[in-house]
Amino acid sequence: MIANLEFELTQSFLVVAEELNFRRSAERLNIDQSALTRRIQKLENYLGFPLFERTTREVSVTPAGRIFYEENARLVQNYDRSVQAARLVADGKTGSLRVAYMAFAATELMPRAVSRYRRLYPHINVGLRYVRSQGQKLELMHDQIDVGYMIGPFEHSEFSCLTLADDPLYVVTPRNHPLTRKHNIVPEDVLDYDLILGDMAEWEAFRWRLNDMFAGAGVPLDVKLEASNTLALIGLVAAGLGITIYPESLINYLGHSVEVRPLVHPDFRVQTILVWKRSNRTKAVRQFVDIAKNLSIR
């Protein structure tokens, strides 16, 4: 019973089977009793067997009608539950949101947005995953995540982007390093010291941005050591093995074993952006984007 008319006839039958009274059933359905009688007759003619036994004093369900009732009552209950579940998702009151983030968003932008989102929409299940920027683009394309915090810029006709932060860069050095005697550091200063950066497997997007910026300033990068995560990078710097470069969003989380100085150049900045698929118009995504926009650092 999937056609609209057939579904209407079956719903009418279910009401009569529950009430066992055509007058009360017609009132419950808000139709004339004669119209209800015609519906039941039409359904019985369609099925080819009687659903009710009628006398002048009572209405009863036939054995075949009882089986028909039990099966269709379950179908209607499942239908009603599916409608209610879908309505909650459409209203943004339940469902799920898959959020990916890279290192630069992990300390402030992503946690603050997720915290506010969960307070406002506690029935939405938020899943968080660390994914490097290039990987996020692939996962967004294949609908494996809903929104992603990544390094910008990123322009693509299938995606929407929101710039959340535009960070200046800082040089991170061991304590009492010669560069700490300078209040401001220019790109050329980096040439005099061993450079430690995140490896290309995990830090590819940031490495390409650094290469572009330094090349634009006429300063070639000579990387002496690589590491895959923030703790290792800071450990290597603190051990006196070289210097590294970080965005402003991370410098408050580096600990006391290193020192930082601003890298002064108007073009030496790195963007953190939020990206989502234009075709993903779910309320959960729209709500998260609105929250992230209000918490952006511009």
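Me: Where does P153 lie?
Reply: In this predicted model, P153 is in the loop between β5 and β6, the latter spanning residues 159-174.

Me: What kind of peptide bond joins G152 and P153?
Reply: The bond that joins G152 and P153 is cis, with omega at about 0 degrees.

Me: OK, on to β6 itself. Which residues does S160 contact, apart from its neighbours within four places in sequence?
Reply: S160, which is part of strand β6, is in contact with L274, V275, W276 and R278. With R278 there is a polar contact between the two side chains, at 3.4 Å.

Me: And is S160 buried or exposed?
Reply: S160 has a relative accessible area of 13%, so it is buried. The cut-off for buried is under 20%.

Me: What does the side chain of D146 reach at 2.7 Å?
Reply: At that distance it reaches the backbone nitrogen of R98. The side chain of D146 also makes a polar contact with the side chain of N280, at 3.3 Å.

Me: Which residues does D146 touch overall, leaving out those up to four places away in sequence?
Reply: D146 touches S96, L97, R98, L140, V275, W276, K277, N280 and V285. V275 and W276 are also among the residues in contact with S160.

Me: What about D143, what is its phi?
Reply: D143 has a positive phi of about 60 degrees, although it is not a glycine. Most residues other than glycine have a negative phi. D143 is in the loop between α6 and β5, and with a relative accessible area of 43% it is partly exposed.

Me: What is the phi of N176, and where does it lie?
Reply: Phi of N176 is near 65 degrees, a positive value in a residue other than glycine. N176 lies in the loop between β6 and β7, where β7 covers residues 195-198.

Me: Buried or exposed, that N176?
Reply: N176 is exposed, because its relative accessibility is 66%. The cut-off for exposed is over 50%.

Me: Next, N229. Which backbone nitrogen lies 2.8 Å from a polar atom of its side chain?
Reply: That is the backbone nitrogen of A232. N229 itself is found in the loop between β8 (223-227) and α8 (230-238). N229 is partly exposed, at 37% relative accessible area.

Me: Let us turn to the helices. Which one holds L43?
Reply: L43 is found in helix α3, which runs over residues 33-47. L43 counts as buried because its relative accessibility is 1%. The C-alpha atoms of L43 and A90 are separated by 34 Å, and the two residues are 47 apart along the chain.

Me: And V83?
Reply: V83 belongs to helix α4, residues 63-90. V83 is partly exposed, with a relative accessible area of 28%. V83 and P247 are 164 residues apart in sequence, and their C-alpha atoms are 47 Å apart in space.

Me: Stepping back, how many helices and strands does the protein have?
Reply: The protein has nine helices and eleven strands. Its radius of gyration is 32 Å, well over the 19 Å that the globule rule gives for 298 residues, so the protein is more spread out than a compact globule. Taken along the principal axes, the C-alpha atoms fill a box of roughly 105 × 35 × 30 Å.

Me: What share of the residues is buried?
Reply: Buried residues make up 42% of the 298. The accessible surface of the protein is about 16,200 Å², and 49% of that belongs to carbon and sulfur atoms.

Me: Last topic, contacts and charges. How many positive and negative charges are there?
Reply: There are 36 positive and 35 negative charges, and their mean positions are 6 Å apart. As for contacts, among those with a separation of 6 or more, 75% come from residues 24 or more positions apart.

Methods
Residues numbered from 1 in each chain as written. Predicted model: local features only at pLDDT ≥ 70, side-chain atom pairs only at ≥ 80, totals over all residues. Heavy atoms only, no water. Helix = DSSP H or I, 4+ residues; strand = E, 2+ residues; numbered from the N terminus. Rg over C-alpha atoms; globule rule 2.2 N^0.38 Å. Buried < 20%, exposed > 50% of the residue type's maximum accessible area, 1.4 Å probe, protein only. Contact = heavy atoms within 4.5 Å. Areas by Shrake-Rupley, 256 points an atom, 1.4 Å probe, with all protein chains shown as cover. Lys, Arg positive; Asp, Glu negative; His and termini not counted. Charge placed at Lys NZ, Arg CZ, Asp CG, Glu CD. Polar contact = N/O pair within 3.5 Å; in protein donor to acceptor, adjacent residues only side chain to side chain.
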